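Please work through the two exercises below with the sequence and the structure open beside you, and try each task before turning to its solution.

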Amino acid sequence: MKLLAIVCLFAAVAAHDFTPCPGSDQKLGFSSVIVFPDPAQVGKPVEVSIAGKTDASTTISTGAKVELAVELFGIKLASLNLDFCTQLGLTCPIAPNTAFNGKITYPIPGQAPGGVTVTIQVKFTNADSSGVGCFSLQEKLVKPTLLTMTSTRKVSTAESNQFLFTNWAKQHAKSYDVAEVFQRFKIFNDNVDKIVAHNSGKHSFTMKMNAFGDLTADEFKAQSHGLLPFRSEFLKSQNAPSFPKDFKIASSVDWTSKGAVTPVKNQGQCGSCWAFSTTGAIEGAHQIATGKLVSLSEQELVDCAGSAGNQGCNGGLMDNGFEWVIKNGVCTEASYPYQGKGTTCQKCTAAAHIFAYKDVPKGDEDTLMQAVNVNPVSIAIEADQSSFQFYSGGVMDGTCGKQLDHGVLLVGYGTDNGKDYWKIKNSWGEQWGEAGYIRVIRGKDICGLADSASYPTGASLKEESLWMKEFFIKLH
C-alpha cells in the first residue's frame with residue numbers, strides 16, 4: 001500500500017499529548033502535535049500535524065529527513081521515510097529561531113486490529129544524519145466491527161493475527177518452511193496474548209513484542225542465555241572487596257552518562273552472555289583508568305578462553321573470563337570482531353589488561369552499591385521469564401526466580417517515581433527493553449542480581465609497565 005504525505009494547514013482540533021523520545025536531541029522546539037481524526041480509524045487516512053521552532057543553534061538543511069512509524073506491541077504496522085523540506089512544504093535551509101508547521105498523512109492498514117492503542121513515533125534527522133528531534137504519542141485505533149483486545153479474550157480476529165505476524169516476521173527478517181510456520185504462528189499468538197494481559201494490568205513496567213516473539217520460554221532460555229554453574233562460594237567469599245568506612249555513596253549512578261559504557265551489543269543465538277558481561281566490566285574499568293572508552297572483543301573470549309573453564313557459545317562465567325584476561329589481556333572489538341559462533345582462536349594484540357577482580361558477597365546489595373560507585377559490575381540473573389523476554393520499559397518489580405542463567409552488566413542505580421532501581425545493560429540488541437537496558441527494583445535482590453557479582457581491578461593500557469601489575473598484586 002502506497003503511503004502519502006500531504007501538506008496543509010492545521011485542523012481546528014485539540015492538540016494531542018506527546019513525549020520526547022528518550023535520549024533524543026530536541027532542537028526543533030515542538031509546540032503542538034495534532035492527530036486527526038482522533039481516535040484514528042483502521043483503513044482510513046490519519047493526519048499528524050506538527051508545529052515547532054528551530055533553536056538558536058540549529059539550521060535545517062536541504063536533504064533533512066522525517067521518519068514516522070506506527071507500532072503495536074513493538075510490531076511496525078506502517079512507516080514513512082520522507083524528505084523533511086519537500087514533503088512538509090517547507091523551504092530549506094530553515095534558519096535558527098524559525099517557526100515551522102506541516103502535516104504528514106498516512107493510511108492505517110485495513111487489516112490492523114481495532115480497539116487497541118498504538119505508538120506513533122516521528123523522528124527528524126538533518127542532512128548530515130544528526131538527530132534534531134523526536135517525539136512519540138499514543139493513539140487509539142477504532143474499528144467497530146473487530147473484536148476489542150482485552151486481557152480476557154483473544155486479541156483479535158484470525159485476519160488481524162495473521163497481519164500482525166506477517167508484519168512482525170518482515171520486521172525481524174524471519175522465514176520458515178511450511179512445516180514450521182503454523183507452529184511459530186501459534187507461539188507468536190500466545191506471546192501476544194501474554195503481552196496484552198500484562199499491559200492491561202497494573203504493573204510498574206510494560207512489555208512489547210520483539211525478536212523473541214516466536215519462541216517458547218524453553219527455546220528463549222536455550223537461545224539467549226549461557227551461564228555455567230558457579231565456582232565455590234567459599235572461594236568467592238575470600239575475594240570480597242573492602243571499602244573504607246567513610247566511603248561515599250552517590251544518590252544515583254549512571255556510567256552510561258559518564259562515558260564508561262560502550263553501545264549495546266547483541267550476542268545473537270550464541271550462549272556468550274558471560275563474554276559480553278566480562279568485556280563490559282573491563283571496558284568500564286579501562287575507561288575510568290585511562291579516559292579512553294574502547295570496545296573489547298567478546299569473540300576472543302568465546303574462541304580462546306576455554307583454558308579458564310569457559311565453553312564458548314555453550315556458556316561460561318564472568319570470573320573465568322577475568323581470570324583469562326589477567327593472564328592474556330584482551331583485544332579490541334575492531335581487531336577481533338564478533339561472529340555469533342565459536343571459531344578458531346586467533347592471535348591479536350591485547351589492548352587492555354586487568355590485574356585482579358573482586359567478588360561481591362552473595363545477596364549483599366549494600367556492597368554491590370559500593371562496587372558500582374567504583375566501576376560497572378558484572379552480575380548474573382535469572383532471565384528466562386516472559387517479563388524479561390518481552391520487557392520494554394519501566395521498573396520491573398515481580399517474581400523472576402534466582403536460578404542464575406544469564407550474565408549482564410550493572411551500570412548504575414537511581415529512583416523513578418518513588419521506586420529505587422538498578423540499571424542493567426543487556427546483550428540482546430538495542431531493540432530490546434529500554435534501548436537495550438532494563439531497570440529492576442532495588443533492595444529485593446530481584447532475579448538474584450546480587451548473588452554472583454564481580455568487577456575487575458587494576459585496568460591499564462597495554463604499554464603500562466610491569467611494576468603496576470606487581471603493585472596491584474600487593475594491593476589486593
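Helices, as the term is used here, are DSSP runs of H or I with at least four residues, and they are numbered from the N terminus. The model is a predicted one.

**Exercise 1**

Find the cavities of 30 Å³ or more, and describe the lining of the largest cavity.

*Solution.* Begin with the search itself, which shows that the structure holds two cavities of 30 Å³ or more. The largest cavity has a volume of about 100 Å³. Next, turn to its lining, which is made up of 15 residues, and the closest of these to the centre are Phe-276, Ser-277, Lys-425, Asn-426 and Ser-427. Then assign the lining to elements: α6 (273–290) and β16 (406–416) are the elements that give two or more residues to it, and the largest share, six residues, comes from α6. Finally, sort the lining residues of the largest cavity by kind, which gives four nonpolar, seven polar and four charged.

**Exercise 2**

*Solution.* First locate the residue, which lies in helix α10 (residues 386–389).

How values were computed:
Residues are numbered from 1 along each chain as its sequence is written. This is a predicted model: local features need pLDDT of at least 70, side-chain atom pairs count only at pLDDT 80 or more; totals for chains, interfaces and linings use all residues. Side-chain values use heavy atoms; hydrogens and water are left out. On a 1 Å grid over the protein atoms alone, a cavity is a set of points where a 1.4 Å probe fits but cannot get out, and a pocket is an open set with protein on both sides within 12 Å along at least five of seven lines; lining residues have an atom within 4 Å of a point. Grid points are joined across faces, edges and corners, and a volume is the space filled by probe spheres set on the points. Ala, Val, Leu, Ile, Met, Phe, Trp, Tyr, Cys and Pro count as nonpolar, Asp, Glu, Lys and Arg as charged, and the others, Gly among them, as polar.
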